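Please look through the structure shown here with attention to its charged side chains, and then follow the explanation below.

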Amino acid sequence: MKALYHLLLYVSFWSCCQAAQADLVVIANPQSGIEKLSKDEVINLYMGRNRKLATGVNAMPLDLAAVNAEKARFYAMLVNKNLPEINSYWARLMFSGQGSPPLQVETTDEVLDIVGSNKAAIGYIERKKLDKRVKLIYDPTQ
Amino acid sequence: MSSRFSRLLLSISMLSLAAPCLAADDKPLFISGFGTLGLVLSDSRQVDVVRDLTQNDGVGFTRQTDFGMDSNFGIQINKNINDNIDTALQIVSRRSANNFQPEITWAYGRYLPSDNLQLRAGRLGFDVYLLADSRNIGYSYQWVRPPIDFFGSLIISYFDGADMIISKPLGDGVFRAKVFAGVAREKTFTGNTDEFLSSNRSRLLGGHIEYQTQNWIFRLGYTQLRFKNDFPSLQPLLDSLRSPYLNGLIPSAAGLASDLSLEGKKFKYLSAGIAYDQGPLQAQLMLNQLSSESLLFPTNRAAYLTVGYRIDQWTPYFTYSASRPADRKISNPLPAGISPDIDMLAAGFKQAIENQFNHQTTISLGLRYDLTEKSNIKLQYDNISIKDYLLVRNNQAGWNGRANLISVAYNFIF
């Protein structure tokens, strides 16, 4: 019974927090040739299932270091997983020759710099940090 | 110095030679690694439980508290040559037939021209686990060790050869087909102290088809191994069956020896698996069947079901696994009562086959705790009951076929 209660608690926790996570958006370079990505396409790129963008170039997804609260929120929103699970997922792939995790950068400003200057880079940032250097390609609220 | 060790030194020195050149071509080496420090306790001193058949002794009879069964350490080096080509080297030390002597488990080049095609050649992992082609990375799965009843009888973990994966988006998911071919290199203990069964130079051929969606993976696989070498302890029995004296009395005896021998015989491994992964819930169901053209290895089947549910840093999990012989009947073509010698030979023949039956059941309960981003600790209880002795060592007369294990494992990656 207690387990069921916990389960319910978690289900309600996750559903309540979907709204709070919605302020994260996925961005790319304005010259990337990408108009919009679906949630599945974002998952495929961030989880290493696909590497190429529609334009044929290798995508360069950017991740944030775990000290940034956005990282945990991004993966909770995307695949409903916490960071240790994301790490063990990548350990499984990396140590079985199926790919390597997204490049990790220290701050959101770095994400903006790299995406702004690299056609293959994609990243996630808080909506309020959007600027002219980058283009919004996935908005979870839509 | 063993050739394996010198090969290891060679590859390390090649890498160190490569290292200074890197700055120039701006393609760095990625060095990563993994390890497990595991402790296992058994309540039975009458049998050794082992992680797999490559381990000659384990926990229980040889030692009641064992640091060696699950502990391992591995280093992996990856290098990108260009956008479409990369290379990898992995070296692992674990308790196996070479007892913690480091082994090169991978050394391959990979060509990835698109998301739909991948080609690799070199030393490759034999991927029979649904979620990864290595079973050594304790950090990456829920359990302390992959279910013994299911994976313990697999004697191949890598091979020298090539593989190809073709993938295509299909519906909401991705369809993949993989084929591989090569030669096996490893050896395994036979259960008799210091006696090995070598799979070296046996030809391996196989593949799988897989369908993956956001939450599900379905896979069907088939592998065949054409055995190159014979079972050493079988030799006296084969010699007796081939003796002119016996064939004078029973003309079919020599044919029986060829049916029993492993040399040139095909082993077939069929597997099917389903994995489900939805947020905090993870579940897997796998089935397999191992059969052979040799009379010596009767068909065995195995299955496991595992379910885990994460609550913050804690993931409690449950696993049920079992293996069973498909058929216990042993036809005995040697007529009884001709002579005591022949009766003894018939008994030896029957015993040799019975030793390969696999009837074992395990119920496991465990808890994984995520310590840091790159380490976790697990506590697991296993209740094992055994009717055949294929997957255990040093079973003593009078053992009741039961063992309970408590394991603690600290796992990390870097």
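A residue is called buried when its relative accessible area is under 20%, exposed when that area is over 50%, and partly exposed in between, as found with a 1.4 Å probe on protein chains only. This is a predicted model, in which local features need pLDDT of at least 70 and side-chain atom pairs count only at pLDDT 80 or more, while totals for chains, interfaces and linings use all residues. Side-chain values use heavy atoms, with hydrogens and water left out, residues are numbered from 1 along each chain as its sequence is written, and chains are lettered from A in the order in which they are written.

A salt bridge is a side-chain nitrogen of Lys or Arg within 4 Å of a carboxyl oxygen of Asp or Glu, and by this rule the count over all chains comes to 30. One of these salt bridges joins the side chains of Lys71(A) and Asp63(A), at 4.0 Å from N to O, and both of these residues are buried.

Another salt bridge, at 3.3 Å from N to O, brings together Lys135(A) and Glu35(A). This pair links distant parts of the chain, 100 residues apart, since Lys135(A) lies in strand β5 (residues 135-138) and Glu35(A) in the loop between β1 (24-28) and α2 (39-46) of chain A; here helices (H or I, at least four residues) and strands (E, at least two) are DSSP runs, numbered from the N terminus. Lys135(A) counts as buried because its relative accessible area is 19%, whereas Glu35(A) is exposed at 58%.

In the salt bridge between Lys128(A) and Glu126(A), at 2.9 Å from N to O, Lys128(A) is exposed at 72% and Glu126(A) is buried at 12%.
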